[in-house]
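Subject: Structure handover

Hi there,

Here is the structure I promised to pass on to you. Please open it alongside this email, so that you can follow along.

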Amino acid sequence: MTDLTRYQDASAIQRVLHTARTIAIVGLSSNELRASYFVGYYLKRHGYRVIPVNPRETRILGETCYASLSDVPVPVDVVNVFRAPDALPGIAREAVEIGADTLWCQFGVVNEEGARIAEDGGVTVIMDRCLKIEHARYVGRMHWLGFNTQRITSVRAGIQ
C-alpha cells in the first residue's frame, strides 16, 4: 500500500494552484457527464488555460485536442491525469520530457512507479486528489463551513 500523504501536502497543492496557468488534461473526455469534462470546464472557467490530451478527439471545450503530451506546442505547468493507474509511468515520462512543473493524479490514479519517474525528473507529484476540489478548497468559494455564499440565514426560500 502506497503512503499517499507525501503526495497530498497542503502547501504543495496551494503553491501549484496559485502558480499554474496552463493545465494539460490527459484523458479529458468530450462527454459532459464525465468527471474529466466537468473538471476541465471548471478550470477553464476559473482562468486556467486547459489543453485537452486525448488521441480519440479533435476538439474539447473549444480547444484543440492533442494525441499526446509531446504534441502540445506550448509549455505546460500541470499535467492532470484522468487515466488508469497503469498508464501513469508513460505519462510521467512524457511530463518530465516536456518540462512540466507538476504531475497531478486524480482520485484513484495511484502508481508508485509513475510518481518515482516524475519525482526523479524534478516534477512535483500530487496524487489521489481532485484538482477541482482542491481549487475550490484553497482558492475558490468552498471553505470549512461549505460553500461561501457570504450569507447566513435560517429563512427558507420559496413558498412555505
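Below is what turned up, starting with the pocket and moving on to a pair of helices. Please keep in mind that this is a predicted model.

**The largest pocket**

The largest pocket holds about 410 Å³ of space. Its lining is made up of 21 residues, and if you want to find the centre, look for Gly27, Asn54, Arg56, Phe82 and Arg83, which lie nearest to it. Two elements give two or more residues each to this lining: α2 (35–45) and α3 (88–97). Sorted by class, the lining residues are nine nonpolar, seven polar and five charged.

**Where α2 meets α5**

Helix α2 also has a contact with helix α5 (residues 131–138). The two axes come within 9 Å and cross at roughly 35°. From α2, the contact takes in Phe38, Val39, Tyr42 and Leu43; from α5, Leu131, Lys132, His135 and Ala136 take part. By class, that makes six nonpolar residues, one polar and one charged.

The charged end of Lys132 sits over the ring of Tyr42, 4.5 Å from the ring centre.

**Aromatic rings**

How many aromatic pairs are there by the rule applied here? The count is zero.

Happy to go through any of this with you.

Best wishes

Note on methods
Residues numbered from 1 in each chain as written. Predicted model: local features only at pLDDT ≥ 70, side-chain atom pairs only at ≥ 80, totals over all residues. Heavy atoms only, no water. 1 Å grid on protein atoms, 1.4 Å probe; cavity = no way out; pocket = protein on both sides within 12 Å on 5 of 7 lines; lining within 4 Å. Points joined across faces, edges and corners; volume = space filled by probe spheres on them. Helix = DSSP H or I, 4+ residues; strand = E, 2+ residues; numbered from the N terminus. Nonpolar A, V, L, I, M, F, W, Y, C, P; charged D, E, K, R; others polar. Phe/Tyr/Trp six-rings, centres within 6.5 Å; stacked < 30°, edge-to-face > 60°. Lys NZ or Arg CZ within 6 Å of the ring centre and 35° of its normal. Axes fitted to C-alpha atoms, helices over the stretch in contact; angles between N-to-C directions. Contact = heavy atoms within 4.5 Å.
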